[in-house]
Structures are given as structure tokens and as C-alpha cells.
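Have the 3D view open while you read.

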Amino acid sequence: ANLAKTNKVYAIDMRGHGQTVGPDGKRQQRTPNMDLDVLAFMDAMRIQKAHIGGFSMGGAITSQLMARAPERFITAHFGGSGVREAEGSEFAKMVPPEPQGTAPLDAKARELYEARQKEQAAQAGVSNNPDDKANLSSQPVPAAVPRPALDLTKINFPILAVVGEFDQPYARTHRLWREAPNFQRVILKNRGHLSSYMAGLAPEVYRDALTNFIVSNNPKK
């Protein structure tokens with residue numbers, strides 16, 4: 001809502017998530033190329049470039065889009081996510097130690113998240129269980145389409161990562177910090193994964209950091 005004061009905001013339910021259903025009214029199956037679904041949405045809405053970002057899985061989709069279509073970005077935003085170093089690489093060994101322990105609000109965040117999942121499934125009239133095959137749509141799943149490797153050194157648009165203190169903020173963002181020319185990171189004190197994001201728990205610093213980042217990078221008219 002804060003960002004909508006200055007920008008047009010779209011929040012997409014990906015296939016197999018939220019309230020998405022197939023033509024037969026059943027839960028859609030998840031596609032291996034969610035990045036292509038985002039591009040198809042942008043094309044349908046005639047959006048040539050946008051501030052693109054997401055939380056958790058949405059961050060993974062953002063990195064896929066950065067590899068496949070970097071020309072469609074104004075900025076990129078990772079929430080509770082990032083681009084990790086290759087496992088076992090020399091750079092993975094350089095990641096600073098992470099804070100130990102559990103975020104105080106993690107249990108409450110999990111409770112809110114599970115309630116929201118059930119609510120969305122009920123609103124869509126579908127099963128909330130991804131393993132319930134009888135309630136999956138018969139709509140075919142698109143075949144996987146290979147994408148190029150992500151070369152962060154060639155990504156010149158601004159990138160923001162916002163990660164909770166107890167959500168591996170360094171492991172998630174070390175490669176971005178090391179390779180991306182225009183990167184900034186915000187670590188949310190006393191927050192874990194879901195407690196960084198769930199409505200009612202997300203700290204104002206997340207809202208303000210993201211809003212300021214996008215508004216300050218809006219194209220000048």
C-alpha cells in the first residue's frame with residue numbers, strides 16, 4: 001500500500017500457489033519456468049520494464065529473470081532470499097558467520113502463514129495440499145526451457161536484498177555483494193524468514209527500505 005502511492009503495483013500468484021486454478025477449477029500444477037510466466041504477464045500488460053522482486057521463492061524467480069531477461073528490469077529486489085555462492089566453492093568458504101539462534105517471532109509467523117495458506121485455498125475453492133493429486137488441474141505443465149547462467153558482473157541496475165538477522169543474511173547475499181556492481185543489503189534485526197514478511201509482523205524498516213529504494217530509482221519523466 002505504501003508503494004502504491006507512487007507506483008503501479010502488481011502482486012502475482014504463481015501457478016500452484018495462492019488462488020491460482022486451471023480451466024477446470026482445480027489447483028494448477030507448478031511449472032518449472034515461473035520466470036516465463038512473469039514475462040508472459042508483463043507482455044500481456046504491455047510492461048516493457050519494471051521494478052521486479054519477490055520474497056523467498058519470489059526471489060528465486062527474480063534471479064531466474066535476471067539471467068533470462070535482464071533488459072526487463074529497472075531494479076531487482078530480494079526479500080528473505082538472494083543468490084548464494086556455489087556450494088563448496090572458495091567463495092562459499094568466505095561467507096561470514098551467521099547469527100545463531102531463533103528469531104523471537106518465528107513461531108507466531110509460522111502460525112499466521114499456515115492460516116493464510118488455508119484461507120487462500122478456501123477462497124479459491126481448491127485443496128491446500130500440493131500432494132493431493134485428485135485436486136490438481138489437468139492443464140498440461142509447460143516443458144522446462146533452459147535459461148542462461150546468471151552473470152552478476154554484467155547486471156548494472158540496482159539490486160536490494162532485505163533479509164532477517166536469523167535467516168542466513170550473509171549466505172544468501174554474499175555473492176550479490178561480491179559480484180553485483182550496484183548492490184545494497186538491509187538486515188532486519190531480530191527477524192527470521194517469515195517474521196520478516198508476514199503482515200502484522202514485518203518491521204517498518206522493510207517497508208521503508210523497499211519503498212525508498214524503488215522511488216529513488218524510478219525513471220525520470
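What follows goes from the ground rules to the sheet, then the helices, then a few single residues.

## Ground rules

This is a predicted model: local features need pLDDT of at least 70, side-chain atom pairs count only at pLDDT 80 or more, and totals for chains, interfaces and linings use all residues. Residues are numbered from 1 along each chain as its sequence is written, and side-chain values use heavy atoms, with hydrogens and water left out.

Helices (H or I, at least four residues) and strands (E, at least two) are DSSP runs, numbered from the N terminus. Axes are lines fitted to C-alpha atoms, for helices over the stretch in contact, and angles run from 0 to 180 degrees between N-to-C directions.

Start with the open sheet: 4 strands in the order 1-2-3-4, with parallel pairing (two strands pair if DSSP finds at least two bridges between them). Strand 1 (50-55) and strand 4 sit at the edges with a single partner strand each, so one side of each has no neighbour in the sheet. On average, neighbouring strands are turned by 15° against each other, direction ignored.

Now zoom in on strand 3 (residues 159-164) and strand 4 (residues 183-188), which pair in the parallel sense over 6 bridges. Leucine 160 has glutamine 184 of strand 4 as its bridge partner, and glycine 164 stands opposite leucine 188 in strand 4.

Helix 2 lies across strand 1, strand 2 (73-79) and strand 3, and runs at about 145° to strand 2. Helix 4 packs on the sheet too, touching strand 2, strand 3 and strand 4 (contact means heavy atoms within 4.5 Å). The direction of helix 4 makes about 170° with that of strand 4.

## Where helix 1 meets helix 2

How do the axes of helix 1 and helix 2 cross? Helix 1 (residues 34-44) and helix 2 (residues 57-68) have axes that come within 8 Å and cross at roughly 75°. That makes helix 1 roughly perpendicular to helix 2 (65 to 115 degrees; under 35 is roughly parallel, over 145 roughly antiparallel, and the rest oblique). Helix 1 brings Met34, Asp35, Leu36, Val38 and Leu39 to the contact, while helix 2 brings Met57, Ile61, Gln64, Leu65 and Arg68.

In helix 1, Met34, Asp35, Asp37, Val38, Leu39 and Met42 are buried (under 20% relative accessible area; exposed is over 50%, partly exposed in between, with a 1.4 Å probe and protein chains only). Strand 1 and helix 2 are among the elements covering these buried residues.

Arginine 46 sits in the loop between helix 1 and strand 1. Its phi is near 60°, a positive value in a residue other than glycine, and at 79% relative accessibility arginine 46 counts as exposed. Glutamine 168, in the loop between strand 3 and helix 4, is not a glycine either, yet has a positive phi of about 55°. Glutamine 168 is partly exposed, at 39% relative accessible area.

Lysine 5, in the segment before helix 1, is exposed at 66% relative accessibility. Lysine 5 and arginine 207 are 202 residues apart in sequence and 13 Å apart in space, C-alpha to C-alpha.
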